[in-house]
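Let's take a walk through a protein model and look at how its charged side chains pair up. Keep the structure open while you read.

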Amino acid sequence: MKDTPDGVTEELDRLLASGVDRSARLGQDHRDLWEALSLAAGGGKRFRPGLAVATHDALGGTSAESVARVGAALELLHTAFVVHDDVIDGDDVRRGRPNVSGTFAAAARAEGADQPTARHYGEAAGILAGDLALVSAVRLVARCQAPAALVDELLDLIEDTVHATATGELADVRLGLHLTGLPVTLDEALRVAEQKTAVYSFQLPLQAGAILAGAPADVTAALARLGRLVGIGFQLLDDLLGVFGNESRTGKSALTDLREGKHTALLAHARTTSAWPDLQGLVGDPNLDHHDAGRARDLLEGCGARVSVEELADRHLEEALAAAAREPIPAALTRVLTDLVGDIRDTAVLALHDPRTVRRVDASTPSPAAAPPDAAAEPVETAEPVETTESAEPAQFADASRAGAR
């Protein structure tokens, strides 16, 4: 399928254009906020709307207008989370250009404001722009023109998602600040991965598409379980990319996670090994250079942390495929899920330096969850073919985690 279904693009364009009329009434401050938000919502592969539409279509859904509107809502929800996440992290740049906070901070500096004042202004704008995106997302769902019972179900799903994601975000901040003084465990790292990534990037679009297709409750529940497995597997691979990734493919620095001492499964495993005393002096150092980052990577590999996380990610993805074969899911949707897992693995293999144990789903070899050979329906693709040249852009799942997996 296309990166962004046409109906989703049209809905987003319509909503963003409506803000211009509101700005005419509310004035320049609103115009500045809305323009920054529109820029933040532009570009990207819009993976979540695509997954919702693919799920709806694979389940035989006929609510094209409604799923397009809900898909646009998912993209705005993602934008809200990204903008707020940048405020939480104190980041002024995203994808190589100023984000909402950075844009407003720069404007304040241009007016003569000192750095603390400019930062405060930028953070305020980020919070407010994220709020605008969030309320617009809920409004789109409420007016998606689906039957009232389905709208209620979708609104409940959105509410649950926001609560879970906020919980995961706060837990991530708490762990990063070492508030308890206790080492982060693997279970805690996986819980954050589930709440921050799996719930809103995978469970939400899968379930929303199923609801709008009128799927039975057991199918919607099964997709929640599968979304959890795929989302955690994705996040584990994304954490590997944050340390071992090729920056030209991931689009982010391979130093940031090490400098932040980001509490991932990698470090949770390393803490249990004899390599930790040496690693402890490297991770979390804001001035870590490329030489010492190389030492940290060698230690993470030598103590088995990298292989352990690769295998853990693979187990989650394999279990998702196996579960798809067991669950009450139609063959066409099973193919969507199989393609999804394959694209996640392909992206990781292409973007990792010296890729080794991350497995790849070969389209010519049926996976445990592949459709039967005599299935009549054509496969529903979830991403464009992955380029294999060194200049290729990262595949669409490279930014599927909340706010780029921080």
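A salt bridge here is a side-chain nitrogen of Lys or Arg within 4 Å of a carboxyl oxygen of Asp or Glu. Side chains of opposite charge can pair when their charged atoms come close. Before we start: this is a predicted model, where local features need pLDDT of at least 70, side-chain atom pairs count only at pLDDT 80 or more, and totals for chains, interfaces and linings use all residues. Residues are numbered from 1 along each chain as its sequence is written, and side-chain values use heavy atoms, leaving out hydrogens and water.

By that rule, the model has 17 salt bridges. One of them joins E310 to R306, with the closest N and O atoms 3.0 Å apart. The two sit four residues apart in helix α15 (residues 305-326), so about one helical turn separates them. (Helices are DSSP runs of H or I, at least four residues, and strands are runs of E, at least two, numbered from the N terminus.) Both E310 and R306 are buried; buried means under 20% relative accessible area, exposed over 50%, and partly exposed in between, using a 1.4 Å probe and protein chains only.

Now try K196 and D172, whose closest N and O atoms are 3.1 Å apart in another salt bridge. K196 is in helix α8 and D172 in helix α7 (residues 148-176), so this pair ties together parts 24 residues apart in sequence. K196 is buried at 6%, and D172 counts as buried at 11%.

Finally, E11, R14 and R69 are linked in a whole network of salt bridges.
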